[in-house]
Amino acid sequence: MKNGQYEEAIKQFEQAVEDEVNVGDAYRGIGIARWETENYEGARDAFQKALDADTESSFTGIIYNFLGSCELKLGNPESAQNYFQLGIGLKGNSAKLDQEMKYNQIVAFEQLGDWESAKARLAEYVAEYPEDANALKEQQFLETR
């Protein structure tokens with residue numbers, strides 16, 4: 001997968017699933033490879049299976065972020081919102097991952113057309129992460145809504 005050979009990586013991860021070796025990690029790998037090939041439905045399905053196989057993984061927050069991002073790509077912002085909410089603050093998350101999911105929640109509100117919630121969340125986000133230049137630009141954009 002590191003070399004961009006995603007189809008080959010998927011085959012190897014599927015073999016691991018079949019052999020019942022690190023099933024949660026294998027499904028996570030399938031999900032990442034499918035994400036990289038823009039197969040968001042396939043990625044979403046694989047990430048869900050990864051969660052089903054291993055809910056105690058240190059990668060759970062990452063999986064929720066991927067699930068939410070897949071849902072955004074597939075035009076399901078309400079479902080995305082739920083995944084981001086489930087992922088924020090989980091044990092094992094990096095500060096950067098939590099920040100990304102908080103920002104993604106704002107994007108989901110925007111896709112829903114819920115401008116007031118997006119503005120409110122963005123104000124909280126900017127207060128917590130004032131160095132994020134993209135968020136400041138987004139805040140200016142939302143003021144026009």
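Student: Where in the chain does Asn22 lie?

Tutor: Asn22 lies in the loop between α1 and α2. Keep in mind that this is a predicted model.

Student: How do I read the backbone there, and what is phi of Asn22?

Tutor: Start with the general rule: most residues other than glycine have a negative phi. Asn22 has a phi near 45°, which is a positive value in a residue that is not glycine.

Student: Which value does phi of Glu20 take?

Tutor: Phi of Glu20 is near 60°, again positive in a residue other than glycine. Glu20 is found in the loop that joins α1 (6–18) to α2 (23–36).

Student: Are these two residues buried or exposed?

Tutor: The reading rests on relative accessible area, and a value over 50% counts as exposed. Asn22 has 55%, so it is exposed. Glu20 has 68% relative accessibility and therefore counts as exposed too.

Student: At what angle do the axes of α1 and α2 cross?

Tutor: They cross at roughly 160°, and the axes come within 9 Å. An angle over 145 degrees is read as roughly antiparallel, so α1 and α2 are roughly antiparallel to each other. The handedness is a separate item: the crossing of α1 and α2 is left-handed.

Student: Which residues of α1 and α2 meet?

Tutor: From α1 they are Tyr6, Ile10, Phe13, Glu14, Ala16 and Val17. From α2 they are Val23, Ala26, Tyr27, Gly29, Ile30, Ala33, Arg34 and Glu36. Sorted by class, the contact has ten nonpolar, one polar and three charged residues.

Student: What share of the contacts comes from residues 24 or more positions apart?

Tutor: Such pairs account for 44% of the contacts in the chain that have a separation of 6 or more.

Student: Now the other pair. At what angle do α6 and α7 pack?

Tutor: Helix α6 (residues 95–112) and helix α7 (residues 115–128) pack at about 160°, with axes 8 Å apart. That angle makes α6 roughly antiparallel to α7. The crossing of α6 past α7 is left-handed.

Student: Which residues make the contact of α6 with α7?

Tutor: On the α6 side they are Gln99, Lys102, Tyr103, Gln105, Ile106, Phe109 and Glu110. On the α7 side they are Trp115, Ser117, Ala118, Arg121, Leu122, Tyr125 and Glu128. The class count for this contact is seven nonpolar, three polar and four charged residues.

Student: Take one residue from that list. Does Ala118 count as buried or exposed?

Tutor: Buried is the reading for a relative accessible area under 20%. Ala118, which is found in helix α7, has 0% relative accessibility and therefore counts as buried.

Student: Which residues does Ala118 touch?

Tutor: Set aside residues up to four places away in sequence, and Ala118 touches Ile106, Phe109, Glu110 and Leu142. For a sense of distance, the C-alpha atoms of Ala118 and Tyr103 are 9.7 Å apart, while the two residues are 15 positions apart in sequence.

Student: Leu142 belongs to which list of buried residues?

Tutor: It is one of the buried residues of helix α8 (residues 133–143), together with Ala135 and Glu138. To read a helix face, look at where the buried residues point around the axis. Here they cover an arc of only 55°, so they sit on the same side of α8. Those buried residues pack against α6 and α7.

Student: Which exposed residues does the opposite face of α8 carry?

Tutor: The face turned away from the buried side carries Lys137, Gln140 and Glu143.

Student: One last case. Is Asn65 buried or exposed?

Tutor: Asn65 is found in helix α4 (residues 60–73). Its relative accessible area is 7%, so Asn65 is buried.

Student: Which residues is Asn65 in contact with?

Tutor: Apart from neighbours within four places in sequence, Asn65 is in contact with Phe84, Leu97, Glu100, Met101 and Asn104.

Terms used
Residues numbered from 1 in each chain as written. Predicted model: local features only at pLDDT ≥ 70, side-chain atom pairs only at ≥ 80, totals over all residues. Heavy atoms only, no water. Axes fitted to C-alpha atoms, helices over the stretch in contact; angles between N-to-C directions. Helix = DSSP H or I, 4+ residues; strand = E, 2+ residues; numbered from the N terminus. Parallel < 35°, antiparallel > 145°, perpendicular 65-115°, else oblique. Left-handed = near helix turned anticlockwise from the far one by under 90°. Contact = heavy atoms within 4.5 Å. Nonpolar A, V, L, I, M, F, W, Y, C, P; charged D, E, K, R; others polar. Buried < 20%, exposed > 50% of the residue type's maximum accessible area, 1.4 Å probe, protein only. Arc of directions from axis to C-beta.
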